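Subject: Structure for your review

Dear colleague,

Please find below the structure that I am handing over to you. My notes on it follow.

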Amino acid sequence: MHFEEVTKATLFIALEMINSNPEYNIFENGKEARTLADMEEEFLNPNTNSAFIKLDDTYIGIIDYLLENPKDHYPWLGLLLLHSDYQGYGFGAQAFAVYEHEMLKRGKKCVRIGVLKENKTAQRFWESLGFIYYSTSTTQNGTGIFCYEKQIG
C-alpha cells in the first residue's frame, strides 16, 4: 500500500471516493453527493497534503492531512476515507499504518484527529487504533467534533 498525490487530472477519482460514501457526506456537508468544485477546494489547496490510498495499482481511498496545524503545532489527519467497495477489509488500519510511519520518519511523536460526533463508526475505528479522546470542539457551521490524539513511535 502506498500514497499518490491528488492532482487536478486525478480529481475525478477523489470525487468517486467521496461520493461512494453518502452517509459521510451527509455528516460532513448535509448532502449525499459532492461536486468536482468541492473536491478542488478540499484537496488542491496549499494548506493540506492530499493523496490517494493505493493498493498496488488500485485506488481504494483518500487521505488528507496537515503536517503541522498552526493552532497547536501537531500533525492533524483531516480525512482517511476508503471507497465504500473497500471498507471492512482492514485497509483503513493499513493506510493509517503507512501514514503513521511517514509521520515517524518526519520526527512526529503524536497525531491528532477530529471526528464528527454523529459518526459513531469512525469513533470506534479510531479508538480501535489507539486514539484517545481529549476534548470537544465545534466547526464553523456548529457541528460538534470530538478531538482525539495518539502517541506514535
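Strand β1 (residues 2–5) pairs with β2 in the antiparallel sense over four bridges, where two strands count as paired if DSSP finds at least two bridges between them. Helices (H or I, at least four residues) and strands (E, at least two) are DSSP runs, numbered from the N terminus. Within this pairing, Glu 5 has Ala 51 of β2 as its bridge partner.

Please note that this is a predicted model, in which local features need pLDDT of at least 70 and side-chain atom pairs count only at pLDDT 80 or more, while totals for chains, interfaces and linings use all residues. Residues are numbered from 1 along each chain as its sequence is written, and side-chain values use heavy atoms, with hydrogens and water left out.

Strand β2 also pairs with strand β3 (residues 58–66), the two running antiparallel and joined by seven bridges. Ser 50 has Asp 64 of β3 as its bridge partner, and Asn 49 stands opposite Tyr 65 in β3. The two strands form a hairpin with two residues between them, and in the turn Asp 56 has a positive phi of about 55°.

Strand β3 is in turn joined to strand β4 (residues 76–82) by six bridges, again in an antiparallel arrangement. Here Ile 63 stands opposite Leu 80 in β4, and Leu 66 stands opposite Trp 76 in β4.

As to burial (buried means under 20% relative accessible area, exposed over 50%, partly exposed in between, with a 1.4 Å probe and protein chains only), strand β2 (residues 49–55) is mostly covered, with five of its seven residues buried. Seven of the nine residues of β3 are buried, so β3 is largely enclosed by the rest of the structure.

Turning to the helices, axes are lines fitted to C-alpha atoms, for helices over the stretch in contact, and angles run from 0 to 180 degrees between N-to-C directions.

The axes of helix α1 (residues 11–19) and helix α3 (residues 36–43) come within 9 Å and cross at roughly 105°. Helix α1 is therefore roughly perpendicular to α3 (under 35 degrees counts as roughly parallel, over 145 as roughly antiparallel, 65 to 115 as roughly perpendicular and the rest as oblique). The contact is made by Leu 11, Phe 12, Ala 14, Leu 15 and Ile 18 of α1, together with Leu 36, Met 39, Glu 40 and Phe 43 of α3.

Finally, the count of disulfides (pairs of cysteine sulfur atoms within 2.5 Å) comes to zero. Cys 110 is in no disulfide, and the nearest cysteine sulfur, that of Cys 147, is 12 Å away. Cys 110 counts as buried because its relative accessibility is 6%. Cys 147 likewise counts as buried, at 7% relative accessibility.

Yours sincerely

Technical notes: Contact means heavy atoms within 4.5 Å.
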